[in-house]
Amino acid sequence: MSAPSQRLRTSPARPHRIVRALTSTNHRNIGFGYLTISTIAVIFGTILSWLMRIHLSWPDWKLPLHGPILPEDYLALVTMHGTLMLFFVLTVAPQSGFGNLILPAQIGARRMAFPRLNALGMWTTAAGLIVLLCAFLVPGGSPIAGWTSYPPLSVTSLAGPGEGAGQDVWLTSIALFAIGGTISAVVMLTTIVKLRCAGMTWRRVPLTVWGWFTASLLVVPAFSVLLAAVLLLFCDRHLGSAFFIPHADVINSTLVSHHGTGSPLLWLHLFWFFGHPEVYIAILPGMGLTSMVIANFSRRRVFAYRLMIATTLAIGLLGLLVWGHHMFVAGLNPFAGTAFAAASLAIAVPATAKVLSWLATSWRARPWLSTPMLFALGFVSLFIAGGLSGIIVAQPILDEYLHNTFFIVGHFHLIMAMAGVFGLFCATYYWFPLLAHGRMLSERLGKWHFWLTLLFTYTTFLPMYFSGLGGEPRRYAQLTGLNAPAQALLAAHTVLQFHITGGAIALGLTQLLFLFNLVRSLRAPSIAPDNPWSATTMEWAPQGMLEPSPDLPSPAAYHRPCHYTDDGSSFTPQWESPQPSTVEQE
Amino acid sequence: MPTILTPPGIYQPRRPGRPGDLGEGDSGSGRRPPTDKRTGGNGDGDNWSDRPQGRRGPRERLSRARVGLFFALGGDLMFFIALVSVFFVAKTSSHFDAYSRLINDWLPTAIPSILWLNTAVLLVSSVCAEIARRSMFRETDLMDEWFGFGRPTSRRAAIWLSATLALGALFLAGQWVAWTQLAAQHVLFNSNASSHFFYLITVAHAAHLFLGIAALVTALTLLARSRQLATRQVAVDATVWYWHAMGLLWIFLFVLLEYGQ
Amino acid sequence: MPSTQAIPPALRFWHLPVDGSWHGHALDSHLLLNLWIALALFALSNLLLFVGVLSSRRAHRPIHKLTLEYLPLLAFAATFLLLGSRASSLWATQRYTGAAPDALQVEVTGLQFAWYFRYPGADATFGHTRNDLVSAAEGNPVGLDPADPHGADDIVRPQLVLPAGREVDLTLRAVDVIHGFAIPEMRLKQNAVPGQTQHIHFTPELPGDYAILCTQVCGLGHYRMQAVLRVLPAADFNKWLIEQERSKDAEALP
């Protein structure tokens with residue numbers, strides 16, 4: 001049995017490029033697959049948010065090919081915007097997308113563990129997105145219960161349009177998403193635990209990897225509980241059980257007679273047990289990246305590096321214990337409210353430690369203000385702007401006034417949505433030379449993109465704090481046609497409404513600049529040097545770490561990341577083997 | 001070990017790289033004996049205990065599969081914990097009826113006694129699975145195989161895994177009998193809150209066992225077809241640990257259904 | 001009859017509406033404290049970020065972990081503890097105990113997409129209700145059970161009228177889905193969950209008309225699920241209540 005003859009027998013004609021891409025189990029293709037999912041979702045999500053804002057500012061505006069936006073259309077927009085953005089953009093892109101693209105290289109591995117399982121995770125997530133987008137097409141339209149789908153509204157088609165087939169489609173999509181996400185997290189955890197290269201000890205693992213690691217640790221329990229909750233809700237809808245339906249519930253003059261005495265609060269508990277870790281899953285990779293990028297461009301080691309590892313883990317652990325702060329006024333026992341408030345305020349401590357470290361690392365460092373650095377600094381600014389209001393809403397007595405107002409909308413859009421998006425932009429600008437075979441994004445366009453995005457982010461989301469303090473509730477299909485006192489209450493903020501709408505549209509349009517930059521750079525020749533940012537982490541090693549090739553030598557890590565001389569003029573990358581005289585003592 | 005002792009049936013040249021199988025040429029077979037333990041401390045100044053795992057030794061893939069399985073089972077456990085916590089909530093929740101009386105309409109579902117038999121079958125199947133798993137790691141057999149004296153490990157494991165498969169199928173058939181018995185008594189999914197859980201829990205567990213049976217079939221196929229010892233070891237080991245986990249889970253769920261209602 | 005009370009400048013700065021309830025004063029002062037602290041920290045941290053990044057001279061690598069990280073962290077933790085304990089004492093005052101025994105009892109029922117308010121009438125006892133009897137078209141929007149004699153004198157109105165200066169005990173109930181009962185100008189919010197009753201108590205102080213909003217998405221009419229809270233001086237309220245009882249009797253007579 002000679003080798004050539006075996007090769008002849010076993011290797012058929014190479015399939016078409018598209019077929020190969022679709023059946024690929026290469027982590028790079030899978031990572032780009034996840035980013036494609038997020039890109040589709042973010043385009044839809046942004047357009048939906050524009051429609052919402054335009055409708056709120058000009059209620060009589062008619063959507064071409066559709067007509068006026070009815071209240072049920074508005075709630076469908078709210079639901080789909082939230083689901084697309086939180087599930088398929090903010091979770092998928094930083095965690096699974098950049099996780100697959102960069103994580104193996106950062107720990108010196110040339111692959112992810114279980115490649116076929118990894119591909120299965122990506123395709124399951126893709127199926128989730130496709131199913132979700134189908135919700136626009138089913139009879140009755142998309143669900144109207146919001147991304148949180150509180151029962152009994154989400155339990156029966158009696159409760160409103162979109163609660164029939166639309167809600168079923170939503171549940172299917174979320175189940176697929178939960179399964180895909182869990183698979184991806186298991187692959188990622190195994191990769192981090194088992195596939196680190198020689199010398200890549202836990203002490204030498206970069207903070208980005210700690211972010212992905214902690215987020216994956218959260219995904220496994222949180223998404224499993226979400227899957228169970230979705231399954232139970234499905235039983236309530238179609239199999240006559242009553243896990244979430246109270247006894248003798250009358251919806252739309254029809255008695256919903258299911259067996260048992262359920263409680264809608266049970267869904268809230270299960271959903272938020274998933275929902276709160278979920279927002280940390282969205283932000284933890286960004287936090288890690290921000291630490292590393294600020295350190296890199298400041299040419300300094302991350303300030304209090306080991307404390308940053310501890311705070312990442314602490315945020316993850318506490319994140320599992322604070323779900324009740326979404327339920328202060330939802331019928332939770334007031335004593336439980338106090339307990340959850342204490343746990344929620346406790347999270348502010350590690351989060352503050354992170355902010356202090358970011359400030360100290362960049363303080364008077366004369367950093368190189370490249371575009372990725374600017375986005376990392378923008379992340380810090382948004383994190384503070386959103387985090388400070390988080391302390392306010394963590395106090396139940398204040399949440400009593402602010403719950404479900406635009407204050408909350410402003411809070412999570414700044415700290416999770418926009419900070420998360422800034423993390424994604426930072427990642428794109430920073431790693432683009434690796435992802436696009438040595439091409440760089442234009443720095444000039446990138447800076448314009450950053451400043452305009454920052455400006456319009458604040459223009460859009462800061463006024464939401466004020467309109468929320470003024471009492472404007474979330475998810476109101478229109479702010480006109482209300483009764484006289486409500487009209488008087490909300491009339492004070494009409495100007496803010498136009499402000500927010502204008503900001504949102506400008507914020508979306510600014511991203512065309514980014515797209516233009518992306519397209520232009522992809523057509524440009526590759527000019528970037530091997531390590532254009534003078535980075536210290538393994539993905540920049542000259543051996544082409546992102547290229548999956550078994551024939552290249554396995555690298556080894558010799559140092560901790562962020563190893564710079566004190567004046568910032570030179571640095572020691574992790575892959576550089578030490579001279580005998582400069583062996584680092586750890 | 002001089003490589004001249006390596007029999008041709010075991011030695012495998014590295015296959016041309018497939019996109020899905022990146023850098024996974026080193027299975028351990030044909031290089032080091034399959035019982036190789038991690039070595040180190042050769043005085044080269046390298047701190048082995050502080051070095052994470054590279055691709056070293058035949059146990060590497062095995063431990064990777066175990067770590068992956070551990071995390072996946074953690075998620076699975078949370079899934080069942082969520083179901084069981086809802087079980088306890090539903091069991092104790094009550095409502096006021098039209099006469100302001102507090103009504104708790106939880107009626108315990110009578111558990112068919114065949115479930116005791118099923119439990120015993122599942123326990124025996126786990127024992128068989130464990131024998132199969134251990135036989136994959138018996139050092140004398142491994143060395144025999146490495147020297148080219150047939151495949152004693154796989155032959156033995158295949159027998160015991162087939163027994164596991166048969167007992168597993170028997171368990172599922174037994175569960176089916178239990179469902180039909182209950183259905184004959186008109187205890188269906190939507191009869192009562194407790195019957196929701198009976199069906200939910202047993203069906204969810206059965207779905208997991210179906211996955212386990214699929215894994216057993218895969219492992220048996222690999223035992224017959226795969227020439228790489230490490231692949232066979234990983235397949236049998238992961239399948240059996242999964243099987244044990246499902247067995248333990250069943251005992252917990254069964255005790256819950258039998259005594260927890 | 002809008003409230004004529006001038007809004008204090010601090011509230012106006014933060015766009016807060018007028019505060020018409022007794023517990024709202026403490027809540028507002030705590031909220032304002034939080035907001036000012038947040039604003040100050042936001043400005044300070046962004047300033048530090050900006051100055052630190054733009055500073056033209058490179059400083060040595062910060063090494064004083066104690067002064068730069070742990071001491072500020074301790075100070076922040078103390079601040080959070082202070083704010084948290086102040087908030088939780090306010091929360092405890094409002095929520096840990098029920099209303100005083102002499103509080104005015106009103107039941108609030110939410111259903112898609114309206115609020116109904118029930119006063120117990122002369123016998124001071126609410127009649128029994130059943131969800132399956134709920135029918136606004138038949139004049140029984142909260143599902144009063146005709147078999148229960150206590151229900152005969154219950155007054156059901158689509159508007160909440162309360163006396164100023166007297167504690168009110170609201171019993172929240174939902175017939176179909178979760179609704180959010182909120183009166184921004186009373187600094188009050190509590191979800192009405194079907195299958196449960198929630199109690200919330202407060203003391204309105206300032207006479208006027210206030211908006212009652214639904215703050216939990218409840219279906220396509222969520223945005224128009226509102227009612228009016230009319231706070232009357234105590235004497236006017238008694239007059240109103242007697243009037244309602246009379247008209248109730250007049251309904252019952254034929």
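Modeller: Let us begin with confidence, since this is a predicted model: the mean pLDDT of chain C is 90, and 97% of the residues of chain C reach 70 or more. For the complex, the predictor gives an ipTM of 0.94 and a pTM of 0.91.

Colleague: What does the pLDDT of chain B average?

Modeller: Chain B averages 80, with 78% of the residues scoring at least 70. Over residues 1–31 of chain B the pLDDT is below 50, although this stretch has 52 contacts in the model beyond near neighbours in sequence. Residues 36–55 of chain B also stay under 50, and there the model has 21 contacts beyond four places in sequence.

Colleague: Where in chain B is confidence lowest, and where is it highest?

Modeller: The lowest mean, 80, belongs to strand S1 (residues 95–96) of chain B, and the highest, 95, to helix H2 (residues 114–135) of chain B.

Colleague: What pattern does chain B follow along its sequence?

Modeller: Chain B has six helices and two strands, and these follow the pattern α-β-β-α-α-α-α-α. Buried residues make up 36% of the 261 residues in chain B, and of the contacts between residues at least 6 apart in sequence, 76% join residues at least 24 apart.

Colleague: Why is strand S6 (residues 179–183) of chain C called largely enclosed?

Modeller: A residue counts as buried when 20 or more other C-beta atoms lie within 10 Å of its own, and five of the five residues of S6(C) are buried, so the strand is largely enclosed by the rest of the structure. In a regular strand the side chains alternate between the two faces of the sheet. For S6(C) both faces are covered, with His179(C), Phe181(C) and Ile183(C) buried on one side and Gly180(C) and Ala182(C) buried on the other.

Colleague: What joins S6(C) to S7(C)?

Modeller: Five bridges join S6(C) to S7(C), and the two run antiparallel; Ile183(C) has Leu188(C) as its bridge partner in S7(C). The two strands form a hairpin with four residues between them, and Arg187(C) in the turn has a positive phi of about 55°.

Colleague: What makes strand S2 (residues 114–119) of chain C mostly covered?

Modeller: Five of the six residues of S2(C) are buried. S2(C) pairs with strand S1 (residues 104–111) of chain C in the antiparallel sense over five bridges, forming a hairpin with two residues between the strands, while three bridges join S2(C) to strand S3 (residues 155–157) of chain C, also antiparallel.

Colleague: How do you know that the buried residues of helix H15 (residues 484–491) of chain A line one face?

Modeller: The buried residues of H15(A) are Pro485(A), Ala486(A), Leu489(A) and Leu490(A). Seen down the helix axis they fall within an arc of 125°, so they line one face of the helix. What covers these residues includes strand S9 (208–214) and strand S10 (227–232) of chain C.

Colleague: How many residues of chain A and chain C take part in the contact?

Modeller: The contact takes 90 residues from chain A and 79 residues from chain C. H10(A) gives the most to the side of chain A that touches chain C, with 16 residues, and that side divides into 57 nonpolar, 24 polar and nine charged residues.

Terms used:
Residues are numbered from 1 along each chain as its sequence is written. Chains are lettered from A and ligands numbered from 1 in the order in which they are written. A residue is buried if 20 or more other C-beta atoms lie within 10 Å of its own, exposed if 12 or fewer, and partly exposed in between; C-beta atoms are placed from the backbone. Two residues are in contact if their C-beta atoms, placed from the backbone, lie within 7 Å. The arc is that of the directions from the helix axis to the C-beta atoms. Ala, Val, Leu, Ile, Met, Phe, Trp, Tyr, Cys and Pro count as nonpolar, Asp, Glu, Lys and Arg as charged, and the others, Gly among them, as polar. pLDDT is the predictor's confidence in each residue, from 0 to 100. Two strands pair if DSSP finds at least two bridges between them.
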